[in-house]
Amino acid sequence: MELAPRTSSVLRLLLLLLLGLSTGAVTARPAEEGKEVWDYVTVRKDAHMFWWLYYATNPCKNFSELPLVMWLQGGPGGSSTGFGNFEEIGPLDSDLKPRRSTWLQSASLLFVDNPVGTGFSYVNKSDAYAKDLATVASDMMVLLRTFFDCHKEFQTIPFYIFSESYGGKMAAGIGLELYKAVRQGTIRCNFAGVALGDSWISPVDSVLSWGPFLYSVSLLDDQGLVEVSQVAEDVLDAVNKGLFKEATQLWGKAEMVVEQNTDGVNFYNILTKSTPMSAVKSSLEFTQSPLVHLYQRHVRHLQQDALSQLMNGPIRKKLRIIPEDCTWGGQSASVFQNMEGDFMKPVISIVDELLEAGVNVTIYNGQLDLIVDTIGQEAWVRKLKWTGLPEFSQLKWKAVYSDPKSSETSAFIKSYKNLAFYWILRAGHMVPSDQGDMALKMMRMVTQQD
Ligand SMILES: *[C@@H]1O[C@H](CO)[C@@H](O)[C@H](O)[C@H]1NC(C)=O
Ligand SMILES: *[C@@H]1O[C@H](CO)[C@@H](O)[C@H](O)[C@H]1NC(C)=O
Ligand SMILES: *[C@@H]1O[C@H](CO)[C@@H](O)[C@H](O)[C@H]1NC(C)=O
């Protein structure tokens with residue numbers, strides 16, 4: 001496991017100059033360039049996982065006084081070092097301009113491209129892709145063990161896992177394994193909790209609510225409601241029978257029925273329309289058309305052309321260690337395909353185990369998300385066996401204001417013992433992209449800073 005830290009602020013400066021960006025024009029840049037390191041960890045034979053760490057840059061606080069947050073992207077096959085970093089919470093946006101609401105001002109950030117094959121991660125043999133959540137989690141244990149062994153300065157810092165979409169399912173599975181590893185002493189870290197954003201904990205609960213949700217906001221008529229509800233029942237039926245690959249295919253069908261009946265509503269934000277997919281087409285490594293369709297919907301939007309050019313251009317130059325024949329996103333279709341049988345499996349019981357173990361669990365969801373809508377999240381929460389649930393359910397929510405000077409409600413929150421739920425207003429599936437200030441505030445609240 002090669003692990004040589006590399007710092008890079010000089011390189012980044014060079015990069016800015018090369019791209020013709022005047023560093024003088026950058027106003028919000030912190031006085032001091034943050035330290036960054038990145039590397040690969042070989043997590044299994046033929047399976048190499050890429051990670052990228054930014055040390056927190058806060059004018060008043062040393063990184064050692066701030067938490068460490070790992071960010072996990074969805075898909076499966078979406079890149080955390082690419083999408084999460086440059087489109088959501090990292091220090092720079094995809095134009096390499098400073099992001100005002102970057103989480104780096106309140107935490108060190110660890111982006112990991114997982115499962116292997118995602119982003120700059122790669123496999124050398126096609127049988128090395130992960131096929132289930134257990135492999136995803138055990139791969140991550142190798143990565144985290146290596147990371148914390150080599151970066152002892154983070155062993156005592158509170159470590160949180162934040163996630164989005166399918167990343168939420170991975171965060172739950174990884175969180176439980178990490179909890180066990182810390183107890184057994186095999187990984188030395190101060191594990192402090194998981195945050196599941198618009199998460200894939202029980203996807204069928206969202207499919208079942210698509211009809212009523214869309215109907216209630218004038219995006220389905222009576223006939224459309226009947227059609228969407230019918231195909232949702234088919235998905236449920238397949239899940240109940242344990243036919244998960246079939247359920248995945250039916251999910252794809254359900255999405256098409258929604259699309260046809262809503263004139264193409266955007267699954268990631270119901271107030272917008274889905275944009276036609278950019279030229280991807282035949283470069284895909286698999287040909288089963290429903291899966292291709294699903295892949296395009298779930299992963300392709302996370303690596304559209306501009307981001308792909310950034311990652312495969314200036315960023316790979318800066319990183320220097322990416323193998324020449326490894327393309328960012330080049331294996332993501334195979335990542336998705338290999339997880340086909342896992343896609344629709346609910347993991348509510350894993351969340352229950354986390355809660356029983358006393359791990360802090362935060363659930364957050366964007367009001368305008370359709371793909372895993374808030375009604376669906378509430379539905380699986382009601383199925384938890386956790387003993388605190390009755391008290392949690394009886395609480396009244398509280399309003400949260402991201403700007404203390406404004407009366408505009410940014411979110412609602414309920415929290416009881418180690419479970420918290422954030423209803424994020426005016427956000428779709430990608431909460432930090434849509435509501436950067438509120439997302440930052442939520443991260444600060446979850447990590448006990450606000
Ligand atoms: C920040 O914390 C690290 C680790 O505790 C320490 O080595 C370093 O000296 C600190 N830096 C400053 C500027 O206080
Ligand atoms: C593994 O894959 C990487 C990326 O494609 C490549 O650079 C490397 O040479 C491969 N290693 C072996 C042993 O095949
Ligand atoms: C876990 O949540 C509880 C309740 O909100 C809070 O008091 C505690 O500080 C949290 N622990 C961590 C490590 O975030």
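How far is an oxygen atom of ligand 3 from an N or O atom in the side chain of Gln448? The distance is 3.4 Å. The model is predicted, and the values below are computed from it.

## Surroundings of ligand 3

An oxygen atom of ligand 3 also lies 2.7 Å from an N or O atom in the side chain of Tyr160. For the side chain of Asn360, the corresponding distance from a ligand 3 oxygen to an N or O atom is 2.3 Å. On its own, ligand 3 has 370 Å² of accessible area, and the protein covers 52% of this.

The residues surrounding ligand 3 are Tyr160, Ala192, Asn360, Lys417, Val446 and Gln448. By class, this shell consists of 3 nonpolar, 2 polar and 1 charged residues.

## Surroundings of ligand 2

Around ligand 2 stand Tyr122, Asn124, Pro323, Asp325 and Cys326. Two of these side chains are described here by their distance to the ligand. A polar atom in the side chain of Asn124 is 2.3 Å from an oxygen atom of ligand 2. In the side chain of Asp325, a polar atom is 2.7 Å from an oxygen atom of ligand 2.

Ligand 2 has 360 Å² of accessible area on its own, of which the protein covers 48%. Its shell is made up of 3 nonpolar, 1 polar and 1 charged residues.

## The protein chain

The protein chain has 450 residues, and 60% of them are buried. Its secondary structure comprises 15 helices and 11 strands.

Of the contacts in the chain between residues at least 6 apart in sequence, 74% join residues at least 24 apart.

## Aromatic pairs

How many aromatic pairs does the count come to? With ring centres required to lie within 6.5 Å, the count is 27 aromatic pairs. One of them joins Tyr54 and Phe111, with 5.9 Å from centre to centre and 90° between the planes, an edge-to-face arrangement. Tyr54 belongs to strand 2 (residues 47-54) and Phe111 to strand 4 (residues 108-113), so the pair ties together parts that are 57 residues apart in sequence. Tyr54 has a relative accessible area of 3% and is buried. Phe111 is buried as well, at 0% relative accessibility.

Why is the pair of Trp251 and Phe343 edge-to-face? The ring planes of Trp251 and Phe343 stand at 85°, with the centres 6.0 Å apart, so the pair is classed as edge-to-face; the cut-off for this class is an angle over 60 degrees. Trp251 is in helix 7 (residues 244-261), while Phe343 is in the loop between helix 10 (332-338) and helix 11 (348-356). Trp251 is buried at 0% relative accessibility, and Phe343 is buried with a relative accessible area of 1%.

## An aromatic cluster

Ring pairs also connect a set of residues into a cluster. The residues linked in this way are Trp51, Tyr55, Phe63, Phe147, Phe148, Phe154 and Phe159.

Technical notes: Residues are numbered from 1 along each chain as its sequence is written. Chains are lettered from A and ligands numbered from 1 in the order in which they are written. This is a predicted model: local features need pLDDT of at least 70, side-chain atom pairs count only at pLDDT 80 or more; totals for chains, interfaces and linings use all residues. Side-chain values use heavy atoms; hydrogens and water are left out. A residue is near a molecule or strand if one of its heavy atoms lies within 4 Å of it. A polar contact is a pair of N or O atoms within 3.5 Å; within protein, one must be able to donate a hydrogen and the other to accept it, and residues adjacent in sequence count only if both atoms are side-chain atoms. Accessible areas come from the Shrake-Rupley method with a 1.4 Å probe; for residues, only the protein chains shown count as cover. Ala, Val, Leu, Ile, Met, Phe, Trp, Tyr, Cys and Pro count as nonpolar, Asp, Glu, Lys and Arg as charged, and the others, Gly among them, as polar. Helices (H or I, at least four residues) and strands (E, at least two) are DSSP runs, numbered from the N terminus. Buried means under 20% relative accessible area, exposed over 50%, partly exposed in between (1.4 Å probe, protein chains only). Contact means heavy atoms within 4.5 Å. Rings of Phe, Tyr and Trp (its six-membered ring) pair if their centres lie within 6.5 Å; planes under 30 degrees apart count as stacked, over 60 as edge-to-face and the rest as tilted.
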